[in-house]
Amino acid sequence: LLVFQVRLVMKTYSFVRENVPRVLSSVKDKSGTVPVPRISQYLYFLFAPTLIYRDNYPRNPTIRWGYVATKFAQVLGSLFYAYYIFVRLCIPLFRNSSQETFNLRGLVLCIFNSILPGVLILFLVFFAFLHCWLNAFAEMLRFADRMFYK
């Protein structure tokens, strides 16, 4: 929840930073029209996988639904793999350590034995969210700016 709140604050800051100078310059020039963005532009920006506000983004002509399904399947696969890591590597380790009396050696062994599963789960979270989830939503929104390196 905190991550989504930080994302929303960053997007709001970008929206304000891009639009306030335009509005102030039109008021200063006393022009008849004030360039205020439409609600649909702001809503698209809220869901698009970018932190830089623009009135228009490059768009793909069609949505590749097979690609979207593949990315959501990869998210589900990542969740199941993270569950498998917890069940096979983390839960038995902490179950055994909770039955023993507390000592420093047991604590250090528990920490070192949980480093590899923790790193694996961290990589899975980054892959599932930053690659699969955001690319699926970018494809559904026809957001073409993610093809920058192609």
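Start with the cysteines: a search of the whole structure finds 0 disulfides, a disulfide being a pair of cysteine sulfur atoms within 2.5 Å. This is a predicted model, in which local features need pLDDT of at least 70 and side-chain atom pairs count only at pLDDT 80 or more, while totals for chains, interfaces and linings use all residues. Residues are numbered from 1 along each chain as its sequence is written, and side-chain values use heavy atoms, with hydrogens and water left out.

Select Cys 90 and Cys 110. The sulfur of Cys 90 has its closest cysteine sulfur in Cys 110, 9.1 Å away, which is too far for a bond. Cys 90 is buried at 9% relative accessibility (buried means under 20% relative accessible area, with a 1.4 Å probe and protein chains only). Move to Cys 132, also buried, at 0%.

Next, select Phe 4, Arg 7, Lys 11, Phe 129 and Leu 134, which lie nearest the centre of the largest pocket among its 16 lining residues. A pocket is an open set of points on a 1 Å grid over the protein atoms alone, where a 1.4 Å probe fits, with protein on both sides within 12 Å along at least five of seven lines; lining residues have an atom within 4 Å of a point. Colour helix 1 (2–28), helix 2 (39–47) and helix 5 (115–140), the elements that give two or more residues to this lining. Helix 1 provides the largest share, 6 residues.

Finally, select Ser 97, Glu 100, Gly 106, Leu 107 and Cys 110, nearest the centre of the second largest pocket, which has 13 lining residues. Helix 4 supplies the largest share of that lining, 6 residues.

Notes:
Buried means under 20% relative accessible area, exposed over 50%, partly exposed in between (1.4 Å probe, protein chains only). Helices (H or I, at least four residues) and strands (E, at least two) are DSSP runs, numbered from the N terminus.
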